[in-house]
Amino acid sequence: MFIEYYLNNIDDKEIDIKNNIETIIQYPISSILGTIHHIKYIKKNCSLSPQIQVGCFIDYPLASCDIERRQDLILDAINIDINFISITIPYFSIVNRKYAKFRDDIKKNIALCHNHNIQLRYILEYRKFDHQLLIKVCEILLECGVNIVYPSTGLFLDNVDDNIIACAYLNNKTGINTVVNGNVWKNDQMQHIKKCRHLDLVQIK
């Protein structure tokens, strides 16, 4: 199982981030994900284990930027030498069924990432959209070459068991790879995830 650590405390000072990273790299962490401000500090001041990948959130969590601005943000992240991008789906395009515009967003972003050998992932919001729309979104992502999604932004109240169900459902219906990213606070919650062998990437916050 791949374990991803998400830095999400907006009140963390630089020393807090440094101490946090020095602690988590002692564990089997596969990747670290955060905003560009966190990642800049991590890359500049903390020596990560070479096997740990670093990812950056883009247009997170509300997807309020237009396509061109999203590409600018991706380039900003690429310039700090990250391994993957996690970008929120463009909600306005999705709710208005503007799938051509959504495809355009994906194609431009994935081309930019491929040019710099960066993996592209998208972030969904399963608590706000119905199952059929989520399936459609995942099918479009796969069609365009994106094969990893997060079911939730974490912006809304979430439950790890519901999150696991959402991951399993989308994986089963479309074949897309999903990242369990509901809140995991206890060992028994982690045990629930381990039982789902096809869900092999989990995000710890």
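Leu-62, Leu-155 and Phe-156 form a nonpolar patch on the surface, with about 280 Å² of accessible area together. Patches are built from residues with over 30% relative accessible area and no salt bridge, like charges being joined within 9 Å and nonpolar side chains (Val, Leu, Ile, Met, Phe, Trp, Tyr) within 5 Å; areas follow the Shrake-Rupley method with a 1.4 Å probe, and for residues only the protein chains shown count as cover. The model is predicted, so that local features need pLDDT of at least 70 and side-chain atom pairs count only at pLDDT 80 or more, whereas totals for chains, interfaces and linings use all residues. Residues are numbered from 1 along each chain as its sequence is written, and side-chain values use heavy atoms, with hydrogens and water left out.

Helices (H or I, at least four residues) and strands (E, at least two) are DSSP runs numbered from the N terminus. Leu-62 has a relative accessible area of 54% and is therefore exposed, where buried means under 20%, exposed over 50%, and partly exposed in between (1.4 Å probe, protein chains only).

Phe-57 stands opposite Ser-86 in S4. Five of the five residues of S4 are buried. Phe-84, Ser-86 and Thr-88 point one way from this strand, while Ile-85 and Ile-87 point the other way.

What do these side chains join? A nonpolar core is a set of buried Ala, Val, Leu, Ile, Met, Phe, Trp, Tyr and Cys residues joined through side-chain atoms within 4.5 Å. The largest such core has 55 residues, of which Ile-85 and Leu-141 touch the most other members. Helix H6 provides the largest share of this core, eight residues. Apart from it lies another core of eight residues, including Phe-57 and Phe-84. In soluble globular proteins, nonpolar side chains tend to be buried together. Leaving aside neighbours within four places in sequence, Ile-85 is in contact (heavy atoms within 4.5 Å) with residues including Cys-56, Ile-74, Leu-120 and Arg-121.

Arg-121 also takes part in a salt bridge with Glu-4, the closest N and O atoms being 2.9 Å apart; the term denotes a side-chain nitrogen of Lys or Arg within 4 Å of a carboxyl oxygen of Asp or Glu. This pair links strand S1 (residues 2–6) to strand S5 (residues 119–123), its members being 117 residues apart. Glu-4 is buried at 0% relative accessible area, and Arg-121 is buried at 4%.

By this rule the count comes to nine salt bridges. Another of them joins Asp-81 to Lys-43, with 3.8 Å between the closest N and O atoms. Because Asp-81 lies in the loop between H3 and strand S4 (84–88) and Lys-43 in helix H2 (residues 36–45), the pair ties together parts that are 38 residues apart in sequence. Here Asp-81 is exposed at 53%, while Lys-43 is partly exposed at 33%.

Asn-163, in helix H7 (residues 160–174), is buried, with a relative accessible area of 0%. Beyond its neighbours within four places in sequence, the contacts of Asn-163 include Tyr-126, Pro-151, Asp-158 and Asn-181.

Methods. Two strands pair if DSSP finds at least two bridges between them.
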